[in-house]
Amino acid sequence: MSKTENSKPQNHIKSIAVFCGSGSSNDEYIYSQAYEMGRAIANKNIDVVFGGSKLGLMGQVANGALDNDGLVYGVIPDFLKTKEIVHRDLTELITTQDMHERKLKMHEMSDGFIMLPGGFGTLEEFFEIVTWGQLGLHKKPIGILNTEGYYNDLLMMFNGMVTKGLLKKENLDLIVVSDAVEMLLDKMEKYESTHEAKWLNNKDQT
């Protein structure tokens with residue numbers, strides 16, 4: 001899938017799925033950082049996998065990669081596949097039957113995941129992929145780009161969950177965080193999972 005087989009990143013990340021909002025945001029810096037994320041991923045010879053829309057932050061991520069000769073793969077459910085929504089300049093557009101199949105396909109195609117600012121849909125995608133990691137279904141790096149402290153409250157809540165004994169610190173450590181695009185990508189390239197799969201019982205934390 002990658003453009004060049006001879007320029008693999010440190011931990012062999014060939015593709016990253018980006019979860020982010022389809023809204024444009026009224027914060028110009030957040031908007032510009034979505035483009036910067038696409039650009040930075042492409043410049044590392046890593047492919048972008050995303051939700052397939054031309055709108056908002058999603059479109060900016062795709063444009064940032066495409067403008068820098070990156071490969072961009074959109075995955076979109078059939079009911080959203082309209083001329084008004086779909087990005088028409090992608091390397092490939094993959095259509096799924098529903099949202100669940102979309103997430104499975106994005107997981108299958110990706111070696112890592114990054115959440116940018118977004119709304120409910122972005123959070124839903126992120127939490128499912130984190131839960132799969134917690135259950136040992138994958139050991140891929142999961143990053144949060146905390147642009148301008150967008151996710152500060154969420155990160156504070158995560159730490160509160162650990163303090164209250166409802167989230168294990170080892171599960172919180174599955175997530176890498178930075179407010180800078182390049183630093184986040186560097187952290188993901190260096191990430192090594194030590195998380196083990198396990199059978200769950202009624203005393204396990206989920």
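Modeller: His138 counts as buried because its relative accessibility is 7%, where buried means under 20% relative accessible area, exposed over 50% and partly exposed in between (1.4 Å probe, protein chains only). This is a predicted model, in which local features need pLDDT of at least 70 and side-chain atom pairs count only at pLDDT 80 or more, while totals for chains, interfaces and linings use all residues. Residues are numbered from 1 along each chain as its sequence is written, and side-chain values use heavy atoms, with hydrogens and water left out.

His138 belongs to the loop that runs between helix H4 (120–134) and strand S6 (142–145); helices (H or I, at least four residues) and strands (E, at least two) are DSSP runs numbered from the N terminus. The His138 side chain reaches two backbone nitrogens, that of Gly133 at 3.4 Å and that of Lys140 at 3.0 Å. Each is a polar contact, a pair of N or O atoms within 3.5 Å, one able to donate a hydrogen and the other to accept it, with sequence neighbours counted only if both atoms are side-chain atoms.

Let us now turn to helix H4 itself. Side chains of opposite charge can pair when their charged atoms come close. Glu124 forms a salt bridge with Lys103, with 2.3 Å between the closest N and O atoms, a salt bridge being a side-chain nitrogen of Lys or Arg within 4 Å of a carboxyl oxygen of Asp or Glu. Because Glu124 lies in helix H4 and Lys103 in helix H3 (residues 99–109), this pair ties together parts that are 21 residues apart in sequence. Lys103 also meets the side chain of Glu128 in a salt bridge, at 2.5 Å from N to O.

A search of the whole structure finds 8 salt bridges, including the pairs of Lys103 with Glu124 and with Glu128.
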